[in-house]
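User: Hello! I have just opened this structure and would like a friendly walk through it. Could you help me find my way?

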Amino acid sequence: MVLVYIIRQKVSNMAWKLDSNIFKRYYIDTLKSISCCDLCGANVSDSYLLGYSLSQALLCQSCVNDLPYFNQSLIAGNLLRWPAVHRALPNIHFEQLFALSPYIYPFNKWLAQMKYLGRFELASLFSVLLCAQWQAMIMNQTIIPINLVLAVPLHIKKWQVRGYNQAHLIAKTFAETLSLPYDANLVLRVKNNDSQMGKTGSQRRKNLANAFALQRKLGSHIKHVLIVDDVVTTGTTVSEISKLLKQAGVETVTLVTVCLTVPNAKDNGPVIS
Ligand SMILES: [Zn+2]
């Protein structure tokens, strides 16, 4: 009797396993059939970029290859070497500016969708693209090893309304992927200032004065910090954070951003690969 019971249980478990495998295969096949590229609508199979899988990032391989990146080799991984940017970002307190793309399609559309429509999956896409470009750049350039990664913080009231900080979502995955230490709480936004949109550089600096604070003392080994943001226009926000970090002993700050609002769009040509 016991033997019959055991055999029945085993057969029953096998049947369940069989059903579960069939269901898993059906689920994957269905997902594949409904997954289509966010830009051209083509079916997305396995898209790769320098070893990073983009199959869950909703982009087909052709569209990945066509994205309008800055040509990092022309600017040696630092957009501050490009005269148009250097002129447009006076009085900044960070040493390196690394951006994926000018603020143009499709990045401008994606950034707006992530910020205002809650498309969180785009944060992973941005992180993967940033990691791939960053690693390609450091293969050709000598850069100082990064001790800490930070994200531009939101004021608690803005965070409560939006429910998330898009820069944090990008920075966290970026740091994890590159095995760099990340601190989401070191810099606090203590002033809920007006939007920076439409303000000149000096108005932005005034608006952001004393807007940030460090939550704790920095370890003496932290000399080179990388700050992640989604879009940079004048660099004032990261510049203010950089000032604080440098007062705390940091020597260099690198700003990594998905998009840079290029001062004169006509100047884009030579720097887009
Ligand atoms: Zn596509």
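Predicted model: local features only at pLDDT ≥ 70, side-chain atom pairs only at ≥ 80, totals over all residues.

The questions and answers below go through this structure step by step.

User: Among contacts between residues at least 6 apart in sequence, what share joins residues at least 24 apart?
Analyst: Contact here means heavy atoms within 4.5 Å. Taking the contacts between residues at least 6 apart in sequence, the share that joins residues at least 24 apart is 71%.

User: Which residues are the protein donors of the zinc ion?
Analyst: The donor atoms are SG atoms, lying 2.3 to 2.4 Å from the zinc ion. Along the chain, the donors follow the spacing C-x2-C-x19-C-x2-C. The residues are Cys-37, Cys-40, Cys-60 and Cys-63.

User: Is the site of the zinc ion tetrahedral or irregular?
Analyst: The site has 4 donor atoms, and the angles among them run from 107 to 115°. Four donors count as tetrahedral if all angles lie between 85 and 135 degrees. The angles here meet that rule, so the site is tetrahedral.

User: Cys-40 and Cys-63 link distant parts of the chain, but how many residues apart are they?
Analyst: Cys-40 sits in the loop between α1 (2-34) and β1 (48-49), while Cys-63 belongs to helix α2 (residues 61-65).

User: Is Cys-63 buried or exposed?
Analyst: Buried means under 20% relative accessible area, and exposed means over 50%. Cys-40, with 47%, is partly exposed. Cys-63 has a relative accessible area of 14%, so this residue is buried.

User: In helix α5, where do the buried residues lie?
Analyst: The buried residues of α5 (residues 107-117) are Phe-107, Trp-110, Leu-111, Gln-113 and Met-114. Viewed down the helix axis, they fall within an arc of 160°. On the other side of α5, Tyr-116 and Leu-117 are exposed. Because of that arc, the buried residues line one face of the helix.

User: Which elements do those buried residues of α5 pack against?
Analyst: The partners include both helices and strands. They are β3 (96-102), α6 (121-140), α8 (166-177), β7 (224-232) and β8 (252-260).

User: What kind of peptide bond joins Tyr-105 and Pro-106?
Analyst: Pro-106 is located in the loop between β3 and α5. Omega of the bond between Tyr-105 and Pro-106 is about 5°. This peptide bond is cis.

User: Which residue follows α5 and has a positive phi?
Analyst: The phi in question is near 65°. The residue that follows α5 with this value is Gly-118.

User: Ala-76 and Ser-179 have positive phi too, so is Ser-179 buried or exposed?
Analyst: At a relative accessible area of 17%, Ala-76 is buried. Ser-179, with phi of about 55°, has its place in the loop between α8 and β5. Its relative accessibility is 65%, so Ser-179 counts as exposed.

User: Which residues does Arg-81 contact, leaving aside its neighbours within four places in sequence?
Analyst: Arg-81 is in the loop between α3 and α4, and at 58% relative accessibility Arg-81 counts as exposed. From Arg-81 to Gln-96, the C-alpha to C-alpha distance is 8.9 Å. The residues in contact with Arg-81 are Ile-75 and Ala-76.

User: Which residues does Ser-242 touch, not counting residues up to four places away in sequence?
Analyst: Ser-242 has its place in helix α10 (residues 236-247). With 0% relative accessibility, Ser-242 counts as buried. The residues that Ser-242 touches are His-93, Phe-94, Ile-227 and Val-253.

User: Which element gives the most to the lining of the second largest pocket?
Analyst: This pocket has a volume of about 370 Å³. Of its 21 lining residues, the closest to the centre are Pro-153, Leu-154, Asn-165, Ala-184 and Asn-185. At least two lining residues come from each of β4 (148-151), α7 (156-162), α8 and β5 (187-189). The element that gives the most, with 3 residues, is β5.

Conventions:
Residues numbered from 1 in each chain as written. Heavy atoms only, no water. Donors = N, O, S within 2.8 Å, 3.2 Å for Na, K, Ca; no water. Tetrahedral: all angles 85-135°; square planar, octahedral: opposite > 155°, others 65-115°. Helix = DSSP H or I, 4+ residues; strand = E, 2+ residues; numbered from the N terminus. Buried < 20%, exposed > 50% of the residue type's maximum accessible area, 1.4 Å probe, protein only. Arc of directions from axis to C-beta. 1 Å grid on protein atoms, 1.4 Å probe; cavity = no way out; pocket = protein on both sides within 12 Å on 5 of 7 lines; lining within 4 Å. Points joined across faces, edges and corners; volume = space filled by probe spheres on them.
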